[in-house]
Amino acid sequence: MNDDRYARHQLIPGWDQARLGEAQVIVVGIGALGNEVCRLLALSGVGRLLLCDPDHVETSNLSRTALFTAADLGRNKAEVARTRLQQLAPEIQLEVRPKPLVHGIGLAELRDADLVISCLDSRSARLQLAGRCNLVRAPLLDGGTHPWGGEVRPYLDPDGPCYGCSLTPGQRAVADDAVSCLNREVNRPVGASAAVSALIGARMSLIALRYLMGPSVPSASLVVDGLAGTTRQVSRTRDPECLLHQPVSEVRKLTVSHLDTLTALRLTLPGDAVPLLWENPQENPEASLELSDHPSDEPLKSLGIPPREILPVYHCEVISFVELCSPSD
Ligand SMILES: [Zn+2]
């Protein structure tokens, strides 16, 4: 560790640089908010960042994103962020997944991360990430911006409330989102600025850093009103009716990875077992969720299965779970 680089950190009461250096954080969504969060965590010396975003840099991003320039237009956001973050903090480890969440990051990766951070811009994407985090009881920190403020929502206790708990059943089923870059009801962008992204990104990063270093952090959401200059806490309660509270049961680790074929996977299972997908393959939304309906000689990766995914398997009228190993194992 570079002691001079972090000399001022060491003067902060309660700061634990070594612990930060060992931390692994997944950031999903590398837009304006994701830029700020990644920048601050990298500068702080968080040991490993895994960045996930399928989108590309557009001109409208450039007024709000610290890590992107006009030369990056058309490039994947996560890839560009990795390049800039490596320049800012050469000692940290960076990995990118330029794909949608379900095809980019495996459930075992979410489970093993010290923290998952959501910088997403739609309710449906947040619900999807919250659901996957809940499957493996991963701590999640979610944030979003309004035109003049925003919200920070810690879901760090897997037995506490989740993102879905705060929504009505109708809201859980609808894909629009009031806290979003797009007002989907009228299909046009809503206002956003660098100052607000920095404000909310900094609040999220401070909570993330404190959580990673050990001290307890508030469980309530923060609602930041930039116009009034106020911040208030909003307590949330766990909704027993929320459908997202269904963690996977015991998981059996396999010796095949997402780079292996379906045939290799099936050889590890009973002959009449049916391995399943959580989502349809990205390139073929109409395809079957039963893996046995797909070509057996193609790598699992080609079906949209991410590294270290945990897959459901149907056998003898029971669903069990198997974990794909890391490609490097
Ligand atoms: Zn819930």
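Biologist: How many bridges join E9 to E10, and do the two run parallel or antiparallel?

Modeller: The model is a predicted one. Five bridges join E9 to E10, and the two strands run antiparallel. Two bridges are enough for a pair, so E9 and E10 count as paired. Val 223 stands opposite Arg 232 in E10. The hairpin of E9 and E10 has four residues between the strands, and Gly 229 there has a positive phi near 70°.

Biologist: What makes E10 an edge strand?

Modeller: Strand E10 (230–234) pairs on one side only. Strand E3 (93–97) is the other edge strand. The order of the open sheet is E3-E2-E1-E4-E5-E6-E9-E10, eight strands with mixed pairing. From one strand to the next, the twist averages 15°.

Biologist: Why is E10 called hardly covered?

Modeller: Buried takes 20 or more other C-beta atoms within 10 Å. Among the five residues of E10, the count of buried residues is zero.

Biologist: Which residues point which way from E4, and are they buried or exposed?

Modeller: Leu 115 and Ile 117 point one way. Val 116 and Ser 118 point the other way. All are buried.

Biologist: What lies across E1, E4, E5 and E6?

Modeller: H6 does, running at about 170° to E5.

Biologist: How do you know that the length of H6 agrees with its residue count?

Modeller: H6 (residues 123–135) has 13 residues, so at 1.5 Å a residue it should span 18 Å. Its end C-alpha atoms are 18 Å apart, which agrees. After H6 comes Arg 137, with a positive phi near 55°.

Biologist: Why is H6 called largely enclosed?

Modeller: Ten of its 13 residues are buried, so the rest of the structure largely encloses H6. Among the buried ones are Arg 123, Arg 126, Leu 127 and Cys 133.

Biologist: Why does Leu 311 count as buried?

Modeller: The cut-off is 20 C-beta neighbours within 10 Å. Leu 311 has 24, so it counts as buried. Leu 311 sits in strand E13 (residues 310–315). Beyond its neighbours within four places in sequence, its contacts are Pro 275, Leu 276, Phe 321 and Val 322. Phe 321 is ten residues away in sequence, with 5.6 Å from C-alpha to C-alpha.

Biologist: Which domains does the assignment give?

Modeller: Domain 1 (9–234) and domain 2 (251–325). Their centres, taken over C-alpha atoms, are separated by 29 Å. Nine residues from domain 1 and eleven from domain 2 make the contact.

Biologist: What makes up the side of domain 1 that touches domain 2?

Modeller: Five nonpolar residues, three polar and one charged. Helix H4 (101–104) and helix H5 (107–112) each supply at least two residues of that side.

Methods
Residues are numbered from 1 along each chain as its sequence is written. This is a predicted model: local features need pLDDT of at least 70, side-chain atom pairs count only at pLDDT 80 or more; totals for chains, interfaces and linings use all residues. The expected span of a helix is 1.5 Å times one less than its number of residues. A residue is buried if 20 or more other C-beta atoms lie within 10 Å of its own, exposed if 12 or fewer, and partly exposed in between; C-beta atoms are placed from the backbone. Domain bounds come from an automatic or database domain assignment. Two residues are in contact if their C-beta atoms, placed from the backbone, lie within 7 Å. Ala, Val, Leu, Ile, Met, Phe, Trp, Tyr, Cys and Pro count as nonpolar, Asp, Glu, Lys and Arg as charged, and the others, Gly among them, as polar. Axes are lines fitted to C-alpha atoms, for helices over the stretch in contact, and angles run from 0 to 180 degrees between N-to-C directions.
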